[in-house]
Amino acid sequence: MTGTGWLRPWRRGKPVAAVEHVPPQVRRHVVSVPVGPQAVARAREAVAARFAEAGVMARSAFADVVLLVVSELVANVLRHAPRSPFAGVGITVGSGQLVISVEDTGPSMPELSGDGMGAGLRMVAELAADYDGDLSCEPAFHHSGKIVLVRFEVPR
């Protein structure tokens with residue numbers, strides 16, 4: 001076959017089958033916030049500045065929840081890892097999910113289950129669950145600290 005037939009979709013771009021299986025784009029932004037009196041405000045501003053790109057309507061209930069989670073996680077860095085020179089605050093969006101990450105150089109991992117979890121992290125876990133998400137923590141890759149991750153399903 002020449003000029004028409006089964007080869008034609010390849011000439012116009014991606015074939016129909018390939019378009020259906022292309023994973024959605026993942027967008028990630030991370031800002032390093034110096035640990036200090038303005039850390040919470042700077043982290044909130046950095047995340048809020050990415051809401052439009054993330055498909056989050058500013059001043060919506062979901063936006064308020066995300067900013068409350070950012071505030072609590074950065075406040076935990078100030079409380080539990082005050083010698084950390086920075087808090088790496090990230091927002092990642094893709095596949096209908098939004099992930100907030102907060103990284104510090106404090107070596108201790110937070111308790112995320114049972115009675116050992118503090119009131120702030122319990123609130124964060126409950127807010128994430130309200131949006132079909134979860135709370136987790138993992139060791140940082142390039143230093144002895146940790147990254148706390150909060151995953152949400154982005155409301156439509």
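Strands here are DSSP runs of E with at least two residues, helices are runs of H or I with at least four, and both are numbered from the N terminus. This is a predicted model, where local features need pLDDT of at least 70, side-chain atom pairs count only at pLDDT 80 or more, and totals for chains, interfaces and linings use all residues. Residues are numbered from 1 along each chain as its sequence is written, and side-chain values use heavy atoms, with hydrogens and water left out.

**The sheet**

Now show β3 and β5 whole. They run antiparallel, joined by eight bridges. Two strands count as paired if DSSP finds at least two bridges between them.

Pick G88 to see one of the links: its bridge partner in β3 is E103. Then go to the hairpin of β2 and β3. Two residues lie between the strands, and S95 takes a positive phi near 55°.

Zoom out. The open sheet has five strands in the order β1-β2-β3-β5-β4, with antiparallel pairing. Which strands form the edges? They are β1 (27-34) and β4 (134-139), each pairing on one side only. Neighbouring strands are turned by 15° against each other on average, direction ignored. Angles run from 0 to 180 degrees between N-to-C directions, and axes are lines fitted to C-alpha atoms, for helices over the stretch in contact.

Is β3 mostly covered or mostly open? It is mostly covered, with six of its eight residues buried. Buried means under 20% relative accessible area, exposed means over 50%, and partly exposed lies in between (1.4 Å probe, protein chains only).

**The helices on the sheet**

Select α3, residues 39-48. This helix lies across β1, β2 and β3, running at about 160° to β1. Next select α5, residues 61-80. It packs on the sheet and touches β2, β3 and β5 (146-153), and its direction makes about 15° with that of β3. Contact means heavy atoms within 4.5 Å.

Stay in α5 and pick V66. V66 has a relative accessible area of 0%, so it counts as buried. Leaving out residues up to four places away in sequence, V66 touches V47, F51, L98, I100 and F152. Draw a distance from V66 to A128, 62 residues apart along the chain: their C-alpha atoms are separated by 8.9 Å.

**The empty spaces**

Rolling a probe the size of a water molecule over the atoms shows where empty space is left. On a 1 Å grid over the protein atoms alone, a cavity is a set of points where a 1.4 Å probe fits but cannot get out; a pocket is an open set with protein on both sides within 12 Å along at least five of seven lines; lining residues have an atom within 4 Å of a point.

Find the largest pocket by selecting N76, H80, P110, L121 and K146. Of its 19 lining residues, these lie nearest its centre. The pocket's volume is about 280 Å³. α5 gives the most to this lining, with five residues.

For the last stop, select R27, R28, H29, R50, E53, A54, I91 and V93, which line the largest cavity. About 50 Å³ of space lies inside. Volume is the space filled by probe spheres set on grid points, which are joined across faces, edges and corners. The largest share of this lining, three residues, comes from β1.
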